[in-house]
Amino acid sequence: MGGTGSTRRLVVEELDGDGVVKISESVVRRLKGESEPEGASSSQSKSAPRPERVYMPPPPPPQFGQARIDSKKAVQEVENFYQQKLRQLEERNATLQKITNEQFAKAVQEVEQKFLKQTGSPVCQDLQSRVYNCYVDNPKYTLRCSADVRAFSLCVEKARQNALARKG
C-alpha cells in the first residue's frame, strides 16, 4: 500500500465540454468488476492505453415551477423559525424587564424608608419669624438683626443636641 507503485493507469479526458469522457477499456472492466486478462496487463503497460468513448448525459434540468414552490416553502420555514425565535426573545425580554422594574421599585422604597421619610418638626419658629421680620424691616442694615440671628442659632443648636441625646 504506498510502498510499491501502481501499474494501473486511469485516463480521463473531456473533449469540448460536451459531456463525453474517454476512459480506457481496462478501467471499464474494473468498474464492471471483471478481471483483466493476464496478457492485457503486460501488453497494456508496454503500449499506450486505448481510450473508449463513454457518453454521460447531463443531469436533467430542474422543473422551474417545482423549484420555485420548494424555495418559497424553504423561505417561509426559515421566516417562521426566526419569527418564533423573535417572539421567544421578546417574551424573555418582557420577563426580565418586569423583574428589573420590581427590583428597582423595591430599592427605591428601601432608600425612601432610610432617608426621605425622616422629617423633623419645625423648631424655634417664633425666633425664625423674628429673624425674617428683622431682615424685611432692615434690608440695608442687616447687622441690626445679629442678636435675633444669634438667639435663633442657639435655639437650633439646643434642639439638635436634644434630638441627638434622644437617639443615643
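Predicted model: local features only at pLDDT ≥ 70, side-chain atom pairs only at ≥ 80, totals over all residues.
**Overall layout**

The protein chain holds five helices and three strands. Read from the N terminus, its elements follow the order β-β-α-α-β-α-α-α. Of its 168 residues, 11% count as buried.

Helix α1 covers residues 25-32, and its buried residues are Ser-26, Val-27, Val-28 and Arg-29. Gly-33 follows α1 and has a positive phi, near 90°.

Helix α3 spans residues 64-116 and includes Tyr-82. Tyr-82 has a relative accessibility of 54% and therefore counts as exposed, because the cut-off for exposed is over 50%. Together with Val-78 and Phe-81, Tyr-82 forms a nonpolar patch on the surface. The accessible area of these three residues together is about 330 Å².

**The loop between α3 and α4**

Pro-122 and Cys-124 are both placed in the loop that joins α3 to α4. Pro-122 counts as exposed, at 59% relative accessibility. Cys-124, in contrast, counts as buried, at 10% relative accessibility. The cut-off for buried is under 20% relative accessible area.

The backbone at Cys-124 also deserves a note. Most residues other than glycine have a negative phi. Cys-124 is not a glycine, yet its phi is positive, about 55°.

**Packing of α4 and α5**

Two packed helices are described by the angle between their axes and the distance between the axes. For α4 (residues 125-137) and α5 (residues 146-167), the angle is about 155° and the axes are 9 Å apart. Angles over 145 degrees count as roughly antiparallel, so α4 and α5 are roughly antiparallel to each other. The crossing of α4 past α5 is left-handed.

**Salt bridges**

A search of the whole structure finds two salt bridges.

| Salt bridge | Closest N and O distance |
|---|---|
| Arg-130 and Asp-148 | 3.0 Å |
| Arg-160 and Glu-157 | 2.9 Å |

In the salt bridge between Arg-130 and Asp-148, Arg-130 belongs to helix α4 and Asp-148 to helix α5, so the pair ties together parts that are 18 residues apart in sequence. Arg-130 is partly exposed, with a relative accessible area of 45%.

The salt bridge between Arg-160 and Glu-157 has both of its residues in helix α5. Arg-160 and Glu-157 are three residues apart, about one turn of the helix. An α-helix has 3.6 residues a turn, so residues three or four places apart point the same way. Arg-160 is partly exposed, with a relative accessible area of 45%. Glu-157 is partly exposed as well, with a relative accessible area of 33%.

Methods
Residues numbered from 1 in each chain as written. Heavy atoms only, no water. Patch = residues over 30% accessible without salt bridge, like charges linked within 9 Å, V, L, I, M, F, W, Y side chains within 5 Å. Areas by Shrake-Rupley, 256 points an atom, 1.4 Å probe, with all protein chains shown as cover. Salt bridge = Lys/Arg side-chain N within 4 Å of Asp/Glu carboxyl O. Helix = DSSP H or I, 4+ residues; strand = E, 2+ residues; numbered from the N terminus. Buried < 20%, exposed > 50% of the residue type's maximum accessible area, 1.4 Å probe, protein only. Axes fitted to C-alpha atoms, helices over the stretch in contact; angles between N-to-C directions. Parallel < 35°, antiparallel > 145°, perpendicular 65-115°, else oblique. Left-handed = near helix turned anticlockwise from the far one by under 90°.
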